[in-house]
Structures are given as structure tokens and as C-alpha cells.
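Visitor: I'd like a close look at one part of this protein, the charged side chains that pair up. Could you walk me through them?

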Amino acid sequence: MLNDRTTPLSLLATRRSGRPRDLVAPGPDAAQLDQILAIAARTPDHGKITPWRFVIVGAAQRDALARVITDAYRVERPQAAATEIAALEQFAQQAPTLVVLLFSPRTASHIPLWEQELSAGAVGMNLLHATHALGFAGGWLTGWPSYSDTVRDAFGAEPERIAGFFFLGTPARALEERQRPDPGTIITKWDG
């Protein structure tokens with residue numbers, strides 16, 4: 001069973017993201033989303049500088065997000081095929097709940113940017129863990145919209161970057177396991 005909530009360890013051992021295109025209503029309600037984001041924020045953060053922030057994109061804003069994404073894409077790639085534009089429109093419409101995670105580096109801080117980036121990644125993972133712990137599924141997507149300055153500017157400004165789009169909801173079909181690395185190929189012991 002994937003995302004087995006029997007115990008904290010069973011949830012971690014069986015954690016599986018949901019494909020955003022397969023996530024349907026219900027998604028987290030406002031109180032649940034507040035809880036998810038509060039849990040996500042309980043992440044390692046050297047210097048307590050909070051080098052990340054969340055932007056919630058409501059259902060009523062999805063069409064506007066699709067326009068921002070497709071307009072930016074057309075400017076960058078004027079010869080874009082209709083299928084590319086349709087895929088980007090669909091990107092913005094997935095799942096009932098959408099949270100954009102922005103990496104907001106604190107450039108004046110003495111904390112190295114690499115540590116700040118790691119903290120932003122940890123926030124994203126905690127967001128997924130909290131989502132799954134509440135019985136929903138989440139998918140973390142990047143792709144072209146995450147790397148577009150124009151799309152980023154809809155949510156923030158330089159030097160911020162989009163760390164990902166987090167689509168949350170209920171799986172419309174059973175989650176499928178994916179291949180995981182063999183621990184023997186990724187774990188070594190240092191002999192000093």
C-alpha cells in the first residue's frame with residue numbers, strides 16, 4: 001500500500017507522489033492547507049532566515065495562470081505548436097489545489113546560498129509529507145514554467161526562483177510504485 005498512514009515510518013517508507021493530472025477533488029480545504037504549509041515550514045533553516053515562501057493559486061486564478069504561462073511561452077518560442085500551448089494550459093489546470101514554492105534567497109545573509117537552496121528543497125519535501133499524512137496526494141512539478149523569469153515575476157521578483165508547483169488532491173486512480181535506487185548502489189562506508 002502506497003502512502004500507508006498506519007505509522008509515521010510506514011508513511012515515509014511507502015511515500016509516493018501523485019501525478020498532478022490524476023489528482024481530483026477533494027483537495028485540502030483552507031484549514032488543511034494552512035496545516036500543510038505550517039508543517040512544511042518546520043524545516044531545517046540555518047540562521048532562521050526563511051529563504052522560501054508559498055503562493056497559493058486558487059481555482060478562480062487558474063485561467064489567469066494559464067494565460068501567464070502560455071503568453072510567456074509564446075514570447076520565448078513564437079513558433080510553438082498548438083500542442084505545446086495546450087499542454088501548458090493543461091499544466092495550470094491540474095489538481096484542485098496548487099501551491100507555488102518560491103526560493104527566496106537572503107543574499108545579505110552570511111548563510112551560504114547552497115544551504116538556503118537545501119532548505120527550500122526540504123520545505124518542498126515536508127509539504128508533500130504533510131499532504132500525504134492528511135490522506136491526500138501531491139505532485140511536485142517544475143518544467144518550463146519554473147525556469148521562466150516572466151512566470152516567476154507573476155509570483156515574485158529576482159533573485160527569487162520557482163522551486164516548484166505543488167499540485168494537491170485525491171488520486172483518481174491507484175498510485176503506482178516507481179523504481180527506487182538499490183541501496184547497495186548509493187550507500188558506501190567511509191574508511192577514513
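Visitor: To start with, is arginine 152 buried or exposed?

Guide: Happy to take you there. Please keep in mind that this is a predicted model, in which local features need pLDDT of at least 70, side-chain atom pairs count only at pLDDT 80 or more, and totals for chains, interfaces and linings use all residues. Residues are numbered from 1 along each chain as its sequence is written, and side-chain values use heavy atoms, with hydrogens and water left out.

Arginine 152 counts as buried, at 5% relative accessibility; buried means under 20% relative accessible area, exposed over 50%, and partly exposed in between (1.4 Å probe, protein chains only). Its side chain meets that of glutamate 158 in a salt bridge, 3.2 Å from N to O. By salt bridge I mean a side-chain nitrogen of Lys or Arg within 4 Å of a carboxyl oxygen of Asp or Glu. Glutamate 158 itself counts as exposed, with 58% relative accessibility. Through shared partners, salt bridges join Arg152 and Glu158 with Asp149 and Asp153 into one network.

The structure holds ten salt bridges. One of them pairs arginine 173 with aspartate 22, their closest N and O atoms being 3.2 Å apart. This pair links distant parts of the chain, 151 residues apart. Aspartate 22 is buried, at 18% relative accessible area, whereas arginine 173 is partly exposed at 40%.

Glutamate 117 forms another salt bridge, with arginine 161, where the closest N and O atoms are 3.8 Å apart. Here glutamate 117 counts as partly exposed at 29% relative accessibility, and arginine 161 counts as partly exposed at 45%.

Note on methods. Helix = DSSP H or I, 4+ residues; strand = E, 2+ residues; numbered from the N terminus.
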